Amino acid sequence: MIWVWGSLAFWLAAWALNTRLSKHKQTWVRFFVPTLFGITLLVLWEGMVRGFQINPVLLPPPSAIGKTFVGEISVLWGDLVQTFFKGALSGYVIGCSAAVLTAIAVDRSPFLQRGLLPVGNFVAALPIVGMAPIFVMWFGFGWQSKAAIVVVMVFFPMLVNTVQGLQSSEAMQRDLMHTYGASYPQRLFKLRLPAAMPFIFNGLKISTTLAMIGAIVAEFFGSPIQGMGFRISTEVGKLALDMVWSEIAVAAIVGSAFYGLVALAEKIITFWHPSQRG
Amino acid sequence: MKSLFSILTVLATILAIWYIACIPMNMHEAATQADRAGQQVTPESSAERRKMGRLSLTVKNPDLWGSVYAQERPQLPAPHQVGVELWNTTVGMVAKGRALSKRSLILHAWITLSATLVGFVFGTILGIVLAVSIVHSRAMDMSVMPWVIASQTVPIIAIAPMIVVVLAALQVDDLIAKGVISMYLSFFPVVVGMVKGLRSPRRMDLDQMKTWNASRSETFWKLRLPSSAPYLFASLKVGVAASLIGAVVAELSLSQNGGLGARLLAGSYYGQTVQIWSALLAAAALAALLVWAIGAVQNVTLKRMGFSK
């Protein structure tokens, strides 16, 4: 029981420290606070698993996962390259750029706006992950089928967000551009695209996680003997949950870094939006 | 009226592309079948055909184009094949008085819908609570927000079987187990949207509240919460769709109880592409219905709150 009480005490102490620290605004505090919170979660996890003697087949302690993580780092890296860089990232880039271009076309044509947008909204809500077996059947086991599912998954959220963003400039601002006699490209690049940026970044941020999930899930339906989804499904079969959690940790780290990069770009580009001026 | 016409045109275009795409997609199978039936096929050996691309095989066999629409297990089923399957498993089953039999999509859709709603309600509550505490406590904002984001990068389908095992060991109902997975997917858009919404009042409005000497809770109830409504509804639409996906994914590991996810899985086991597509379309219809319902509530609410469209 000492493990349980010890970890609970650590939790309370860390929370008190975080509450105090969060009043300061130094840079190191901004990194230290979430790190301490994460460490608290790990300590709680370790304490509960040891204190209640939970079977490692059900939930391995973080220490065992960490050991596997360090020991199998080369395997994890190979899986990461296969799934993230080849599958998720290429699909993300293709899907998002295609969606933005389509959105501009949709915005230009009232006909497409009335026709394509309801259809796009419909498809955005589709459980597209369900198409993974179909895409693996069509595009083969390699990274191409993963990129394809990612393209389809990110396309519609991105399209819907961008179109909404392009319409977000106010009537007054559009009228003003009109009185300036601005041409369409001028209106697009000087008013509508900048005004759409918060929405575009919303779509980009949602898409980062969709891309990871799509690429990994698609690997469950067939993949070369590499990749995070492949590893997870085979190691679950062997009940090697420490390896599964190591892959999950990699997915979380890389996914957060990816999201962080997009959020950083958002901060730089949409510095004028009220939500960025907290 | 005009928009209906546009939607129908877009849909008709999609259907036309779909029908045309069926020809090359199913050509290899069509050629094999025709060859077995003793028909003339170019090229004649099946090994050569296997090496050929879909398009060149299609170009060489124009007289086989019609036969691609009547296959048992096509690579890409034609829309009418999916339509017939959908009709038979819904209206057809009702007509036979077996609306809730195991073969009826209505039963499976209901199973999925109930898990979706449970997860959606859990997820929305969790998301709003998290967002409110993030906006009001700097400690929460700094420590929890990065981990909320990190939590979404964990592939849910990977831990879905584990969640199911753990919850089953704790003797939790399957509906709740699926709901937990749905919740995991649906709370995130609500958190992100609500944090953005609760922070959306302008500096000037917040300063105004300050000059009126409003307390934190007054500022919250009278300014922050009302101005977050558009963001909330946008998030709810994403959230309900996400929780449907969660329910479908969860059913991949709880497939003994049925549901649209279980239909998908069974279809892919037995190569029943028509069944996969009809389950997908049923899930899509369900999602559309849910999103539409929230949209209807959104329109009424936002109009009454005075947000001009």
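User: Where is A:Q53 in chain A?

Analyst: In this predicted model, A:Q53 is in the loop between α2 (27-51) and α3 (62-71) of chain A.

User: What makes A:Q53 count as exposed?

Analyst: Exposed means over 50% relative accessible area. A:Q53 has 70% relative accessibility, so A:Q53 counts as exposed.

User: Which residue of chain B lies in the loop between α11 (203-211) and α12 (216-227)?

Analyst: That's B:N213. Its phi is positive too, near 60°.

User: Why is B:N213 called exposed?

Analyst: The cut-off is over 50%; B:N213 has 65% relative accessibility, so it counts as exposed.

User: How many residues does each chain bring to the contact?

Analyst: Chain B brings 53 residues and chain A brings 50. Together they bury about 4700 Å², with 80% of that on carbon and sulfur atoms.

User: What makes A:E266 and B:K196 a salt bridge?

Analyst: A salt bridge needs a Lys or Arg side-chain nitrogen within 4 Å of an Asp or Glu carboxyl oxygen. The side chains of A:E266 and B:K196 meet at 3.7 Å, N to O, so by that cut-off the pair is a salt bridge. The count between chain B and chain A is one salt bridge.

User: Which element gives the most to the side of chain B that touches chain A?

Analyst: α8(B) does, with eleven residues. By class, that side has 38 nonpolar, ten polar and five charged residues.

Note on methods: Residues numbered from 1 in each chain as written. Chains lettered and ligands numbered in written order. Heavy atoms only, no water. Helix = DSSP H or I, 4+ residues; strand = E, 2+ residues; numbered from the N terminus. Buried < 20%, exposed > 50% of the residue type's maximum accessible area, 1.4 Å probe, protein only. Contact = heavy atoms within 4.5 Å. Buried area = accessible area lost by both parts, 1.4 Å probe. Nonpolar A, V, L, I, M, F, W, Y, C, P; charged D, E, K, R; others polar.
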